Amino acid sequence: MRSIRCLAAPMLLTCLFLAGCSPLGAPAPSVSDASTPSASAPGAAGDGRSIAVGAGPQTKYTVQQQPAAGSCHYRYEKGEPLEDPKCTPGAISPAVTQANLKSTICRKGGYTSGVRPSAYITGKEKRLNSASYGYTGRMGDAEYDHLISLQLGGDPNDYRNLWVEPADPGHRAGSGVNNLKDPVETKLHTAVCSGKITLAQAQQAIVTDWTTALSTLHLS
């Protein structure tokens with residue numbers, strides 16, 4: 001009888017493990033970890049990877065911790081700078097959905113100015129993020145860019161959605177920010193608000209590769 005009890009104990013633990021249960025006295029593993037990206041909308045364009053959901057617009061923003069210095073690396077496509085997807089995978093705002101476009105990003109009078117963090121906050125984050133990416137150029141020529149722009153429902157101050165974007169090839173030093181990514185974002189915004197594409201398609205295309213976003217969605 002004793003030998004049967006000895007065998008039963010490990011068999012019971014094995015069954016609990018296979019069923020997804022935690023051993024007695026131990027907490028069950030969490031599946032709602034904030035660092036786990038939320039699923040993207042079905043049918044989205046691009047590589048289909050999920051996009052994290054940030055905290056959304058805040059009454060008072062705080063300076064966000066940035067990736068470790070030197071841990072992020074730019075990619076280049078035809079000379080155009082792209083973000084490091086490990087450091088800047090993008091994050092969307094829960095306040096903007098396909099159902100409320102008319103009252104958020106597509107409303108008359110604008111949306112972005114009411115949710116954008118102050119320059120006091122983003123200025124500090126920009127300096128920290130430049131160290132993350134090892135950026136050593138003129139700060140005035142680099143944009144602290146929302147990977148998924150605010151006009152496409154990007155999260156306003158999630159570190160996963162912000163990066164120091166260097167100037168385009170041929171940019172004249174000291175002439176300020178003027179990136180080719182900006183008109184791409186505007187065209188995507190227009191397409192979303194006119195119903196040509198969905199919000200999820202625009203968001204997915206921009207995080208995959210902003211240089212191909214328009215052609216991917218047949219908007220170029």
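Guide:
**A residue in a loop**

T88 sits in the loop that links β3 (80-82) and β4 (91-92); helices (H or I, at least four residues) and strands (E, at least two) are DSSP runs, numbered from the N terminus. The model is a predicted one, in which local features need pLDDT of at least 70 and side-chain atom pairs count only at pLDDT 80 or more, while totals for chains, interfaces and linings use all residues. Residues are numbered from 1 along each chain as its sequence is written, and side-chain values use heavy atoms, with hydrogens and water left out.

T88 counts as buried because its relative accessibility is 1%; buried means under 20% relative accessible area, exposed over 50%, partly exposed in between (1.4 Å probe, protein chains only). Leaving aside residues up to four places away in sequence, T88 touches E83, Y133, L147, R160, N161, L162 and W163, where contact means heavy atoms within 4.5 Å.

Two of these partners, L162 and W163, belong to strand β6 (residues 162-165), where L162 and V164 point one way and W163 and E165 the other, and all are buried. Strand β6 runs antiparallel to β5 (residues 143-146), and four bridges join them; two strands pair if DSSP finds at least two bridges between them. In this pairing Y144 stands opposite V164 of β6.

As for the whole protein chain, five helices and six strands make up its secondary structure, in the order α-β-β-β-β-α-β-β-α-α-α from the N terminus. Of its 220 residues, 40% count as buried. Among contacts between residues at least 6 apart in sequence, 72% join residues at least 24 apart.
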